Amino acid sequence: MIYGSHFIVLSSDPDADRAFLADVLGFEHVDAGGGWLIFALPPAEVAVHPADAPGSELYFMCDDLAAEMRSLEQRGVQCSDIVGARWGSVTKLRLPSGGEVGLYEPNHAAIVRPS
């Protein structure tokens with residue numbers, strides 16, 4: 001039985017990105033040994049998009065994108081401009097390593113919602 005998912009973020013500065021997930025985004029974590037942190041994520045959904053090459057992207061979801069962006073910017077997080085998509089409003093968060101993760105406010109019937 002599949003009971004969860006494990007997503008890997010590839011990073012040129014994993015210690016800084018781990019600190020970002022723990023200290024800025026506040027995700028709970030366990031140390032799997034040697035400082036190798038494994039983070040609990042919020043409930044998830046997965047979508048399959050057409051593309052020219054295989055790949056994956058990580059997006060976090062929120063109910064109020066503008067408010068979440070203000071909160072993140074107060075904590076020093078750089079957000080891109082909001083882009084409207086058919087499925088919601090999207091920004092990108094800059095990780096300390098220079099990588100990016102997405103943050104979006106869905107405008108579709110989301111499978112997961114905060115309790």
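Trainee: What share of the 115 residues of the protein chain counts as buried?

Mentor: First, this is a predicted model, where local features need pLDDT of at least 70, side-chain atom pairs count only at pLDDT 80 or more, and totals for chains, interfaces and linings use all residues. Residues are numbered from 1 along each chain as its sequence is written, and side-chain values use heavy atoms, leaving out hydrogens and water. Buried means under 20% relative accessible area, with a 1.4 Å probe and protein chains only. Of the 115 residues, the buried share is 24%.

Trainee: Which residues of helix 1 are buried?

Mentor: Helices here are DSSP runs of H or I with at least four residues, strands are E runs of at least two, and both are numbered from the N terminus. Helix 1 covers residues 14-24. Its buried residues are Asp17, Arg18, Phe20, Leu21, Ala22 and Val24.

Trainee: Which glycine follows helix 1?

Mentor: Check the backbone after the helix for a positive phi, near 75°. The residue with that angle is glycine 26.

Trainee: What pattern does the protein chain follow along the sequence?

Mentor: Count the elements: there are 2 helices and 6 strands. Read along the sequence, they give α-β-β-β-α-β-β-β.

Terms used: Buried < 20%, exposed > 50% of the residue type's maximum accessible area, 1.4 Å probe, protein only.
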